[in-house]
Amino acid sequence: MSDDLSGMGVFAAVAEARGFRAAGERLGVTASAVSQAIRRLEDQLGVILVQRTTRSVRLTDAGEKLYAVVRPALADVRAAVAALGELGDAPRGTLRICAADAAEAFLRGSLIADFLAAHPLIDLDVTVSNVPVDIVAEGFDAGIQLGEVIDRDMIAVPVSGEMRLVVVGSRSYVKRRGRPRHPRDLAEHDLLNWHASADAPPYRWEFTEAGRDFSVAVRSRLLTTDVALLLSLARAGAGLAMMYEGQARDDIARGDLVTVLEEFCTPFPGFSLFYPQRRQASVALRALIEHLRGARAAGVRGKRATAPRPTPSPRARRG
(Lines give C-alpha, C1' and ligand atoms only; values in the text may rest on other atoms or scores of the structure.)
Protein backbone atom coordinates (compact mmCIF):
# COMPACT_ATOMS: atom_id res chain seq x y z
CA MET A 1 0.00 0.00 0.00
CA SER A 2 2.80 2.44 0.84
CA ASP A 3 4.40 1.76 -2.56
CA ASP A 4 1.08 2.56 -4.24
CA LEU A 5 0.81 5.88 -2.41
CA SER A 6 4.42 6.75 -3.17
CA GLY A 7 3.91 5.92 -6.84
CA MET A 8 0.80 8.09 -7.00
CA GLY A 9 2.74 11.01 -5.55
CA VAL A 10 5.48 10.59 -8.15
CA PHE A 11 2.88 10.25 -10.90
CA ALA A 12 1.16 13.47 -9.79
CA ALA A 13 4.50 15.30 -9.79
CA VAL A 14 5.19 14.13 -13.35
CA ALA A 15 1.69 15.16 -14.45
CA GLU A 16 2.13 18.63 -12.96
CA ALA A 17 5.71 19.17 -14.11
CA ARG A 18 5.26 17.46 -17.52
CA GLY A 19 8.74 15.96 -17.28
CA PHE A 20 10.80 13.45 -15.32
CA ARG A 21 13.65 15.84 -14.61
CA ALA A 22 11.39 18.65 -13.38
CA ALA A 23 9.39 16.20 -11.28
CA GLY A 24 12.62 14.83 -9.82
CA GLU A 25 13.78 18.31 -8.87
CA ARG A 26 10.47 18.90 -7.12
CA LEU A 27 10.71 15.59 -5.26
CA GLY A 28 14.42 15.76 -4.57
CA VAL A 29 15.32 12.60 -6.54
CA THR A 30 16.87 11.82 -9.91
CA ALA A 31 14.97 11.70 -13.19
CA SER A 32 15.90 8.01 -13.42
CA ALA A 33 14.29 7.31 -10.04
CA VAL A 34 11.12 9.07 -11.21
CA SER A 35 11.04 7.04 -14.42
CA GLN A 36 11.47 3.78 -12.51
CA ALA A 37 8.66 4.69 -10.09
CA ILE A 38 6.31 5.44 -12.99
CA ARG A 39 7.16 2.10 -14.65
CA ARG A 40 6.44 0.23 -11.41
CA LEU A 41 3.09 1.99 -11.09
CA GLU A 42 2.22 1.20 -14.71
CA ASP A 43 3.12 -2.45 -14.14
CA GLN A 44 0.92 -2.57 -11.04
CA LEU A 45 -2.06 -0.99 -12.83
CA GLY A 46 -1.54 -2.77 -16.13
CA VAL A 47 -1.86 0.41 -18.22
CA ILE A 48 0.48 2.98 -19.75
CA LEU A 49 0.12 6.28 -17.93
CA VAL A 50 2.86 8.39 -19.53
CA GLN A 51 3.84 8.66 -23.18
CA ARG A 52 7.60 9.26 -23.33
CA THR A 53 9.40 11.12 -26.13
CA THR A 54 12.98 12.28 -26.45
CA ARG A 55 12.07 15.83 -25.41
CA SER A 56 9.01 15.60 -23.20
CA VAL A 57 6.38 13.41 -21.60
CA ARG A 58 2.63 13.61 -21.79
CA LEU A 59 -0.18 11.73 -20.11
CA THR A 60 -2.05 9.05 -22.00
CA ASP A 61 -5.84 8.96 -21.84
CA ALA A 62 -5.54 6.54 -18.92
CA GLY A 63 -3.04 8.87 -17.27
CA GLU A 64 -5.34 11.87 -17.66
CA LYS A 65 -8.24 9.94 -16.10
CA LEU A 66 -6.10 8.80 -13.18
CA TYR A 67 -4.69 12.26 -12.59
CA ALA A 68 -8.20 13.79 -12.53
CA VAL A 69 -8.99 11.50 -9.59
CA VAL A 70 -5.62 11.62 -7.86
CA ARG A 71 -4.94 15.37 -7.77
CA PRO A 72 -7.83 16.48 -5.50
CA ALA A 73 -7.16 13.52 -3.19
CA LEU A 74 -3.49 14.43 -2.95
CA ALA A 75 -4.45 18.03 -2.25
CA ASP A 76 -6.44 16.84 0.76
CA VAL A 77 -3.53 14.67 1.92
CA ARG A 78 -1.14 17.62 1.61
CA ALA A 79 -3.52 19.77 3.63
CA ALA A 80 -3.75 17.09 6.33
CA VAL A 81 0.04 16.74 6.47
CA ALA A 82 0.40 20.50 6.69
CA ALA A 83 -2.09 20.57 9.55
CA LEU A 84 -0.08 17.94 11.41
CA GLY A 85 3.04 19.98 10.92
CA GLU A 86 1.33 22.97 12.48
CA LEU A 87 0.68 21.34 15.84
CA GLY A 88 3.59 23.29 17.27
CA ASP A 89 3.37 26.84 18.56
CA ALA A 90 4.23 28.72 15.35
CA PRO A 91 2.45 28.48 11.95
CA ARG A 92 4.63 26.62 9.46
CA GLY A 93 4.61 24.94 6.08
CA THR A 94 4.27 25.93 2.42
CA LEU A 95 1.18 27.75 1.20
CA ARG A 96 0.38 27.31 -2.50
CA ILE A 97 -1.62 30.30 -3.70
CA CYS A 98 -3.07 30.88 -7.18
CA ALA A 99 -3.57 34.58 -7.81
CA ALA A 100 -5.35 36.14 -10.75
CA ASP A 101 -3.01 38.11 -12.97
CA ALA A 102 -4.76 41.27 -11.80
CA ALA A 103 -3.82 40.48 -8.19
CA GLU A 104 -0.08 40.24 -8.81
CA ALA A 105 0.52 43.93 -8.24
CA PHE A 106 -1.77 43.92 -5.21
CA LEU A 107 0.52 41.31 -3.61
CA ARG A 108 3.73 42.99 -4.69
CA GLY A 109 6.07 44.75 -2.31
CA SER A 110 5.79 45.19 1.43
CA LEU A 111 2.45 43.42 1.85
CA ILE A 112 3.89 39.95 1.31
CA ALA A 113 7.39 40.89 2.48
CA ASP A 114 5.94 41.88 5.87
CA PHE A 115 4.05 38.58 6.09
CA LEU A 116 7.18 36.52 5.38
CA ALA A 117 9.13 38.52 7.94
CA ALA A 118 6.44 37.96 10.57
CA HIS A 119 6.18 34.20 9.84
CA PRO A 120 9.68 32.80 9.20
CA LEU A 121 8.43 29.18 9.20
CA ILE A 122 5.89 29.76 6.39
CA ASP A 123 6.93 29.60 2.73
CA LEU A 124 4.76 30.93 -0.10
CA ASP A 125 4.45 29.38 -3.57
CA VAL A 126 2.45 31.91 -5.62
CA THR A 127 1.26 31.12 -9.14
CA VAL A 128 0.00 34.09 -11.18
CA SER A 129 -2.32 33.23 -14.06
CA ASN A 130 -4.76 34.88 -16.44
CA VAL A 131 -6.50 31.55 -16.97
CA PRO A 132 -9.19 30.51 -14.43
CA VAL A 133 -7.88 27.67 -12.26
CA ASP A 134 -9.67 25.00 -10.24
CA ILE A 135 -7.70 25.46 -7.02
CA VAL A 136 -8.91 22.16 -5.56
CA ALA A 137 -8.03 20.10 -8.62
CA GLU A 138 -4.67 21.81 -9.00
CA GLY A 139 -3.70 21.36 -5.35
CA PHE A 140 -3.67 25.00 -4.24
CA ASP A 141 -4.41 25.97 -0.66
CA ALA A 142 -6.25 29.13 -1.72
CA GLY A 143 -6.79 31.58 -4.55
CA ILE A 144 -6.99 35.35 -4.83
CA GLN A 145 -9.50 36.78 -7.30
CA LEU A 146 -11.97 39.60 -7.76
CA GLY A 147 -14.73 38.87 -5.26
CA GLU A 148 -17.58 38.82 -7.78
CA VAL A 149 -16.15 35.97 -9.85
CA ILE A 150 -15.50 33.51 -7.01
CA ASP A 151 -17.68 30.39 -7.00
CA ARG A 152 -20.43 30.33 -4.38
CA ASP A 153 -19.17 27.07 -2.87
CA MET A 154 -15.96 28.79 -1.74
CA ILE A 155 -15.29 30.66 1.47
CA ALA A 156 -14.26 34.17 0.37
CA VAL A 157 -12.51 36.73 2.58
CA PRO A 158 -12.25 40.32 1.25
CA VAL A 159 -8.60 41.39 1.35
CA SER A 160 -8.51 44.65 -0.63
CA GLY A 161 -10.47 47.84 -0.95
CA GLU A 162 -12.70 48.86 -3.83
CA MET A 163 -11.27 49.20 -7.32
CA ARG A 164 -12.06 51.42 -10.27
CA LEU A 165 -11.45 51.25 -14.01
CA VAL A 166 -10.66 54.53 -15.78
CA VAL A 167 -10.20 55.60 -19.38
CA VAL A 168 -6.95 57.46 -19.97
CA GLY A 169 -5.08 59.11 -22.82
CA SER A 170 -2.24 61.52 -23.30
CA ARG A 171 -2.87 65.26 -23.26
CA SER A 172 -1.68 65.45 -26.86
CA TYR A 173 -4.17 62.79 -27.98
CA VAL A 174 -7.11 64.45 -26.19
CA LYS A 175 -6.15 67.84 -27.65
CA ARG A 176 -5.91 66.34 -31.14
CA ARG A 177 -9.00 64.11 -31.10
CA GLY A 178 -11.21 65.73 -28.49
CA ARG A 179 -12.64 64.49 -25.20
CA PRO A 180 -15.44 61.87 -25.40
CA ARG A 181 -18.51 62.91 -23.41
CA HIS A 182 -20.26 59.53 -23.37
CA PRO A 183 -19.09 55.92 -23.92
CA ARG A 184 -20.92 55.92 -27.26
CA ASP A 185 -18.42 58.57 -28.44
CA LEU A 186 -15.61 55.99 -28.21
CA ALA A 187 -16.58 54.77 -31.67
CA GLU A 188 -14.92 57.93 -33.01
CA HIS A 189 -11.62 57.32 -31.21
CA ASP A 190 -8.49 55.20 -31.52
CA LEU A 191 -8.69 52.64 -28.72
CA LEU A 192 -5.95 50.51 -27.15
CA ASN A 193 -7.29 47.29 -25.69
CA TRP A 194 -6.27 44.18 -23.75
CA HIS A 195 -7.09 40.48 -23.72
CA ALA A 196 -6.06 37.71 -21.34
CA SER A 197 -4.41 35.49 -23.95
CA ALA A 198 -3.93 35.27 -27.70
CA ASP A 199 -7.12 33.24 -28.16
CA ALA A 200 -9.22 35.18 -25.61
CA PRO A 201 -11.78 37.79 -26.74
CA PRO A 202 -10.93 41.49 -26.39
CA TYR A 203 -11.87 43.10 -23.12
CA ARG A 204 -15.30 44.77 -23.14
CA TRP A 205 -15.04 48.21 -21.58
CA GLU A 206 -17.32 48.61 -18.56
CA PHE A 207 -19.23 51.67 -17.41
CA THR A 208 -22.09 52.72 -15.14
CA GLU A 209 -24.85 55.19 -15.99
CA ALA A 210 -27.76 56.09 -13.69
CA GLY A 211 -26.94 53.10 -11.49
CA ARG A 212 -26.92 50.64 -14.41
CA ASP A 213 -23.79 48.71 -15.36
CA PHE A 214 -23.15 48.13 -19.05
CA SER A 215 -20.25 47.07 -21.25
CA VAL A 216 -19.09 48.20 -24.67
CA ALA A 217 -17.41 46.07 -27.33
CA VAL A 218 -14.85 48.54 -28.64
CA ARG A 219 -12.96 48.48 -31.93
CA SER A 220 -9.29 48.10 -30.99
CA ARG A 221 -6.61 49.85 -33.01
CA LEU A 222 -4.21 47.85 -30.86
CA LEU A 223 -4.87 44.63 -28.96
CA THR A 224 -2.28 43.18 -26.57
CA THR A 225 -1.81 40.80 -23.67
CA ASP A 226 0.79 43.15 -22.15
CA VAL A 227 -0.64 45.94 -20.03
CA ALA A 228 2.77 47.62 -19.77
CA LEU A 229 2.70 48.06 -23.55
CA LEU A 230 -0.85 49.39 -23.32
CA LEU A 231 0.22 52.03 -20.81
CA SER A 232 3.31 52.96 -22.82
CA LEU A 233 1.32 53.51 -26.01
CA ALA A 234 -1.30 55.56 -24.17
CA ARG A 235 1.50 57.82 -22.91
CA ALA A 236 2.81 58.11 -26.45
CA GLY A 237 -0.55 59.41 -27.70
CA ALA A 238 -1.57 56.35 -29.73
CA GLY A 239 -5.10 56.34 -28.31
CA LEU A 240 -7.33 55.88 -25.28
CA ALA A 241 -6.97 52.88 -22.96
CA MET A 242 -8.98 51.49 -20.07
CA MET A 243 -7.09 50.24 -17.01
CA TYR A 244 -7.24 50.20 -13.25
CA GLU A 245 -6.94 53.65 -11.74
CA GLY A 246 -3.86 52.85 -9.71
CA GLN A 247 -2.08 51.54 -12.79
CA ALA A 248 -2.10 55.04 -14.24
CA ARG A 249 -1.98 57.02 -10.98
CA ASP A 250 1.65 58.15 -11.30
CA ASP A 251 1.21 59.12 -14.96
CA ILE A 252 -1.92 61.12 -14.11
CA ALA A 253 -0.14 62.86 -11.25
CA ARG A 254 2.75 63.80 -13.56
CA GLY A 255 0.35 65.02 -16.24
CA ASP A 256 1.47 62.40 -18.77
CA LEU A 257 -2.07 61.01 -18.90
CA VAL A 258 -5.51 62.51 -18.31
CA THR A 259 -8.78 60.74 -17.50
CA VAL A 260 -11.96 60.95 -19.54
CA LEU A 261 -15.53 59.68 -18.96
CA GLU A 262 -14.92 59.78 -15.19
CA GLU A 263 -18.62 60.08 -14.37
CA PHE A 264 -19.20 56.66 -15.99
CA CYS A 265 -16.37 54.90 -14.08
CA THR A 266 -17.57 53.81 -10.64
CA PRO A 267 -15.87 51.65 -7.97
CA PHE A 268 -16.61 47.93 -7.59
CA PRO A 269 -15.58 45.25 -5.02
CA GLY A 270 -11.91 44.32 -4.96
CA PHE A 271 -10.00 41.12 -4.27
CA SER A 272 -10.90 38.25 -1.97
CA LEU A 273 -8.87 35.28 -0.82
CA PHE A 274 -10.91 32.09 -1.20
CA TYR A 275 -10.64 28.41 -0.31
CA PRO A 276 -12.99 25.38 -0.34
CA GLN A 277 -15.72 25.17 2.29
CA ARG A 278 -15.09 21.48 2.83
CA ARG A 279 -11.44 22.05 3.71
CA GLN A 280 -10.56 23.64 7.04
CA ALA A 281 -8.10 26.49 6.69
CA SER A 282 -4.67 25.50 7.97
CA VAL A 283 -2.94 27.51 10.67
CA ALA A 284 -0.60 28.96 8.03
CA LEU A 285 -3.50 29.97 5.78
CA ARG A 286 -5.32 31.55 8.72
CA ALA A 287 -2.17 33.54 9.46
CA LEU A 288 -2.11 34.84 5.88
CA ILE A 289 -5.80 35.70 6.00
CA GLU A 290 -5.36 37.68 9.21
CA HIS A 291 -2.36 39.50 7.76
CA LEU A 292 -4.27 40.52 4.62
CA ARG A 293 -7.29 41.53 6.68
CA GLY A 294 -5.12 43.69 8.90
CA ALA A 295 -3.47 45.37 5.93
CA ARG A 296 -6.88 46.08 4.39
CA ALA A 297 -8.22 47.55 7.62
CA ALA A 298 -5.18 49.78 8.01
CA GLY A 299 -5.29 50.97 4.42
CA VAL A 300 -1.82 49.57 3.71
CA ARG A 301 -2.78 48.14 0.33
CA GLY A 302 -4.03 51.45 -0.98
CA LYS A 303 -0.86 53.27 0.07
CA ARG A 304 1.85 50.78 -0.87
CA ALA A 305 0.73 48.45 -3.66
CA THR A 306 0.54 49.43 -7.29
CA ALA A 307 -2.72 48.83 -9.09
CA PRO A 308 -3.40 45.48 -10.81
CA ARG A 309 -3.70 44.71 -14.48
CA PRO A 310 -7.13 44.77 -16.06
CA THR A 311 -8.97 41.50 -16.45
CA PRO A 312 -12.49 40.90 -17.71
CA SER A 313 -14.72 41.51 -14.71
CA PRO A 314 -18.05 39.88 -13.90
CA ARG A 315 -20.10 42.86 -14.99
CA ALA A 316 -18.88 42.45 -18.56
CA ARG A 317 -19.84 38.78 -18.57
CA ARG A 318 -23.32 39.59 -17.33
CA GLY A 319 -23.65 41.94 -20.30
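A polar contact is a pair of N or O atoms within 3.5 Å; within protein, one must be able to donate a hydrogen and the other to accept it, and residues adjacent in sequence count only if both atoms are side-chain atoms. Helices (H or I, at least four residues) and strands (E, at least two) are DSSP runs, numbered from the N terminus. The model is predicted, with local features requiring pLDDT of at least 70 and side-chain atom pairs pLDDT 80 or more, while totals for chains, interfaces and linings use all residues. Residues are numbered from 1 along each chain as its sequence is written, and side-chain values use heavy atoms, leaving out hydrogens and water.

Helix H8 spans residues 227-235. At its start, a side-chain oxygen of aspartate 226 comes within 3.0 Å of the backbone nitrogen of alanine 228. The arc is taken from the directions from the helix axis to the C-beta atoms. An α-helix has 3.6 residues a turn, so residues three or four places apart point the same way. The cover over the buried residues of H8 includes strands E7 (165-169), E8 (191-194), E11 (222-224) and E12 (240-244). Helix H9 (249-254) is also part of that cover. Just after H8, glycine 237 adopts a positive phi of about 90°.

Helix H2 (residues 20-27) packs against helix H3 (residues 31-45), with axes that come within 8 Å and cross at roughly 105°. Axes are lines fitted to C-alpha atoms, for helices over the stretch in contact, and angles run from 0 to 180 degrees between N-to-C directions. H2 and H3 are therefore roughly perpendicular to each other. That label applies from 65 to 115 degrees; angles under 35 degrees count as roughly parallel, over 145 as roughly antiparallel, and the rest as oblique. Phe20, Arg21, Ala23 and Gly24 of H2 meet Ala31, Val34, Ser35 and Ile38 of H3. Contact here means heavy atoms within 4.5 Å. The buried residues of H2 are Phe20, Ala23 and Gly24. They cover an arc of only 100° around the axis, which puts them on the same side of H2. The face turned away from this buried side carries the exposed residues Arg21 and Glu25. Glycine 28 follows H2 and has a positive phi, near 80°.

Most residues other than glycine have a negative phi. Alanine 210 has a positive phi of about 55° although it is not a glycine. Its place is the loop between strand E9 (205-209) and E10. Alanine 210 is exposed, at 85% relative accessible area. Leucine 261 likewise has a positive phi of about 55° and is not a glycine. This leucine sits in the loop between strand E13 (258-260) and strand E14 (271-276). Leucine 261 is buried, at 4%.

Two further polar contacts involve buried residues. Serine 215 lies in strand E10 (residues 212-216) and is buried, with a relative accessible area of 12%. Its side chain makes a polar contact with the side chain of arginine 204 (3.0 Å). Aspartate 141 lies in the loop between strand E4 (122-129) and strand E5 (142-146). It is buried, with a relative accessible area of 18%. A polar atom of its side chain lies 2.7 Å from the backbone nitrogen of arginine 96.

Aspartate 141 is also among the residues that tyrosine 275 touches, residues up to four places away in sequence not being counted. Others include Ile135, Met154, Ile155 and Leu285. Tyrosine 275 is in strand E14 and is buried, at 11% relative accessible area. Its C-alpha atom is separated by 9.5 Å from that of leucine 285, 10 residues apart along the chain.

Glutamine 51 lies in strand E1 (residues 50-52). It is partly exposed, at 36% relative accessible area. Leaving out residues up to four places away in sequence, glutamine 51 touches Ser56, Val57, Arg58 and Thr60. The C-alpha atoms of glutamine 51 and aspartate 61 are separated by 9.8 Å.

Cysteine 98 is buried, at 7% relative accessibility. Cysteine 265 is buried too, at 5%. A search of the whole structure finds 0 disulfides, a disulfide being a pair of cysteine sulfur atoms within 2.5 Å.

Conventions
Buried means under 20% relative accessible area, exposed over 50%, partly exposed in between (1.4 Å probe, protein chains only).
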